[in-house]
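Please report on the side-chain contacts in this model.

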Amino acid sequence: MLHFIKKINKVNDDFSVVCEFNTNEIRQINLSQWVERFRKANDGWASRISDIDYFKTVKLDSYGTLSWDNQLDFCPDVLYEMSSPVRA
């Protein structure tokens, strides 16, 4: 099954995002390790995501994945695999 995100529910200060996927599951995606890699790269492009205020500007693109204005995005299947279910 191909996954995509239907809705961003919450963006957290720990660089994680709670989303609803097309499976109707609510899952939390912890991007802190990716953010740290981008911060260390210090390339002025992807490293912008390490600023929490910029991170929180995340939105859904037309492919159902997380994206930022600097054109950074992630494969929604990868996001699903690295996410964990949020218990009600």
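## Side-chain contacts and backbone angles

Gln71 is exposed, with a relative accessible area of 64%. Exposed means over 50% relative accessible area, buried means under 20%, and partly exposed lies in between (1.4 Å probe, protein chains only). This is a predicted model: local features need pLDDT of at least 70, side-chain atom pairs count only at pLDDT 80 or more, and totals for chains, interfaces and linings use all residues. Residues are numbered from 1 along each chain as its sequence is written, and side-chain values use heavy atoms, without hydrogens and water.

**Positive phi.** Gln71 is not a glycine, yet its phi is positive, at about 75°. Its place is the loop between strand S5 (66-67) and helix H3 (76-82). Helices (H or I, at least four residues) and strands (E, at least two) are DSSP runs, numbered from the N terminus. Asn24 also has a positive phi, near 70°, and is a residue other than glycine. Asn24 sits in the loop between strand S2 (16-21) and strand S3 (26-30). Asn24 counts as exposed, at 54% relative accessibility.

**Aromatic rings.** A pair of aromatic rings is described by the distance of the centres and the angle of the planes. Rings of Phe, Tyr and Trp (its six-membered ring) pair if their centres lie within 6.5 Å; planes under 30 degrees apart count as stacked, over 60 as edge-to-face and the rest as tilted. The count is seven aromatic pairs. Phe15 and Phe55 form an edge-to-face pair, because their ring centres are 5.1 Å apart and their planes stand at 75°. This pair links distant parts of the chain, 40 residues apart: Phe15 is in the loop between strand S1 (5-11) and S2, and Phe55 is in helix H2 (residues 52-55). Phe15 is buried at 16% relative accessible area. Phe55 is buried at 0%. Trp34 and Phe74 are also edge-to-face, with centres 6.0 Å apart and planes at 70°. Trp34 belongs to helix H1 (residues 32-41), while Phe74 is in the loop between S5 and H3, 40 residues apart. Trp34 is partly exposed at 31%, and Phe74 is buried at 9%. Phe15, Trp34, Phe38, Phe55, Trp68 and Phe74 form one aromatic cluster.

**Charges over rings.** A charge sits over a ring if NZ of Lys or CZ of Arg is within 6 Å of the ring centre and within 35 degrees of the ring normal. Arg37 lies over the face of Trp34, 4.7 Å from the ring centre. The charged end of Arg27 sits over the ring of Tyr80, 4.3 Å from its centre. Arg27 is buried, at 9% relative accessibility.

**Salt bridges.** A salt bridge is a side-chain nitrogen of Lys or Arg within 4 Å of a carboxyl oxygen of Asp or Glu. The count is five salt bridges. The table includes some of them.

| Pair | N to O distance |
|---|---|
| Glu20 and Lys6 | 3.3 Å |
| Arg27 and Glu25 | 3.1 Å |
| Lys59 and Asp69 | 2.3 Å |

Lys59 is in strand S4 (residues 59-60) and Asp69 in the loop between S5 and H3, ten residues apart. Lys59 is partly exposed at 38%.

**Cysteines.** A disulfide is a pair of cysteine sulfur atoms within 2.5 Å. The structure holds zero disulfides. For Cys19, the nearest cysteine sulfur is that of Cys75, 14 Å away. Cys19 is buried at 0% relative accessibility, whereas Cys75 is partly exposed at 40%.
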